[in-house]
Amino acid sequence: MTGKEKSGGVLERRGAFLTAMRQMTFEAGHFTTADLASAANVPRSTAQDWINRLIKEGCIFVKEEPHGRNPAHYASRSALPQTTCKRIFTTLDGSDVEIFHECLSSGCAGFCEFHHRKAGGAAISVTRDGMIFREWARIGEDGEIRLDFAAVGLAAVKKDGPDIIQTIHSIPGGPAYSLSAMMGHAKGVKGVQITVGNGVVTGEVRTPALTPVTIGVDDTDRKGCGGATFALSQALMKYLTDPGSVIGIRHQVAALCQDIEEKTAGNSCSFIELAVDPSVLPTLAAKVCRFVEEESVSDEWGVAIMTKITVPDDLLRLGERIRRERVSMEEVLETAEKSGVQVYGKKGIIGAVGAVSLKSQPQEVLLDPACLILF
């Protein structure tokens with residue numbers, strides 16, 4: 001590719017960059033960001049953006065990491081990505097299992113969500129949040145899977161030692177290709193076993209059983225002193241997920257009762273959802289509290305930590321009340337203990353417990369206290 005980069009569709013530019021990368025790989029065995037920038041006659045920042053994008057797609061790979069003054073060396077792999085399945089992981093709470101498929105494509109995530117819901121089978125519920133689709137099932141429970149109405153679905157879930165095995169049925173074609181050629185490359189997958197029979201492709205996908213953790217945070221800001229609970233909680237998720245033993249699932253903001261006189265701004269709390277290696281659970285609470293205490297501009301901060309997939313009804317009822325009226329600290333502490341929710345801090349505990357009670361609610365309920373909580 002020569003001359004200045006011409007305007008055009010993303011696919012056209014992608015194809016031109018891939019062609020240049022393949023040519024340099026063929027001729028020299030590798031290329032650098034500077035090589036690509038020179039070949040394409042584009043700024044180094046543009047070349048690096050395309051390198052990063054195509055690494056994520058699996059079209060190129062890092063052949064040699066940068067060291068000293070020597071830049072990273074890259075090489076072309078193929079025009080087709082190895083997988084659009086970025087990560088597959090599971091959380092376990094008693095007999096309840098939640099399965100997460102994180103995709104590189106919103107189209108693929110939407111396809112899987114639609115068909116897994118339509119197929120029925122072992123999935124009790126199927127939802128999607130951006131690039132992640134998630135389904136809830138129970139160990140040993142199944143149902144009729146309808147591949148005459150859907151292309152792929154969850155047939156069964158079982159526990160095998162420290163692992164969860166999800167059995168997925170699909171029709172031959174694209175869904176089967178995903179099972180046989182893509183899911184095994186996703187982060188978190190320990191292995192995929194494929195069998196074919198009676199016109200159905202069956203894949204057993206093995207992942208470690210992680211612990212579901214929801215952390216509610218509130219009252220980290222103060223009038224006249226700045227601060228924002230949503231920003232602190234989002235930073236908390238990034239801080240916790242850096243080591244690799246904790247997977248960040250999502251960060252959400254929820255509105256609480258608007259009639260509290262001493263509220264700051266819109267009286268919102270936040271929660272984050274994580275999937276945690278059981279080995280790091282004993283030290284997690286101390287790490288969370290240390291971070292919140294250091295970053296909060298208010299001494300009234302509160303933290304609530306719940307390790308459940310489904311929210312207990314008593315906690316849901318309390319959350320509904322916290323959203324429409326003042327609730328005493330005594331009542332909050334009593335319900336939290338009964339529901340297995342750990343609490344830390346001061347006055348913010350009320351909003352933090354309210355936050356974790358809302359973890360399963362849709363977006364419109366989270367942001368509008370006038371909406372009824374779904375039980």
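The structure is a predicted model, in which local features need pLDDT of at least 70 and side-chain atom pairs count only at pLDDT 80 or more, while totals for chains, interfaces and linings use all residues. Residues are numbered from 1 along each chain as its sequence is written, and side-chain values use heavy atoms, with hydrogens and water left out.

- Strand 12 (residues 268-276) is largely enclosed by the rest of the structure, because eight of its nine residues are buried; buried means under 20% relative accessible area, exposed over 50%, and partly exposed in between, with a 1.4 Å probe and protein chains only.
- Helices (H or I, at least four residues) and strands (E, at least two) are DSSP runs numbered from the N terminus, and two strands pair if DSSP finds at least two bridges between them.
- Strand 10 (residues 200-218) runs antiparallel to strand 12 and is joined to it by seven bridges, whereas strand 11 (residues 246-255) pairs with strand 12 in the antiparallel sense over nine bridges.
- Serine 270 in strand 12 stands opposite valine 217, and serine 270 also stands opposite valine 253.

**A buried glutamate**

- Glutamate 320, which lies in helix 8 (residues 313-322), is buried yet has no salt bridge, and the nearest side chain of opposite charge, arginine 324, is 4.8 Å away.
- A salt bridge here is a side-chain nitrogen of Lys or Arg within 4 Å of a carboxyl oxygen of Asp or Glu; Lys and Arg count as positive and Asp and Glu as negative, with His and the chain ends not counted.
- Leaving aside neighbours within four places in sequence, glutamate 320 is in contact (heavy atoms within 4.5 Å) with Leu372, Ile373 and Phe375.

**Aromatic rings**

- The structure holds four aromatic pairs, where rings of Phe, Tyr and Trp (its six-membered ring) pair if their centres lie within 6.5 Å, and planes under 30 degrees apart count as stacked, over 60 as edge-to-face and the rest as tilted.
- Phenylalanine 89 and phenylalanine 100 form a stacked pair, 4.7 Å centre to centre with 10 degrees between the planes, and both are buried.
- Tyrosine 239 and phenylalanine 291 are also stacked, because their ring centres are 4.9 Å apart and their planes at 20 degrees.
- Tyrosine 239 is partly exposed at 28% relative accessibility, whereas phenylalanine 291 is buried at 12%.

**Charges over rings**

- The charged end of lysine 287 sits over the ring of tyrosine 239, 5.2 Å from its centre; this requires NZ of Lys or CZ of Arg within 6 Å of the ring centre and within 35 degrees of the ring normal.
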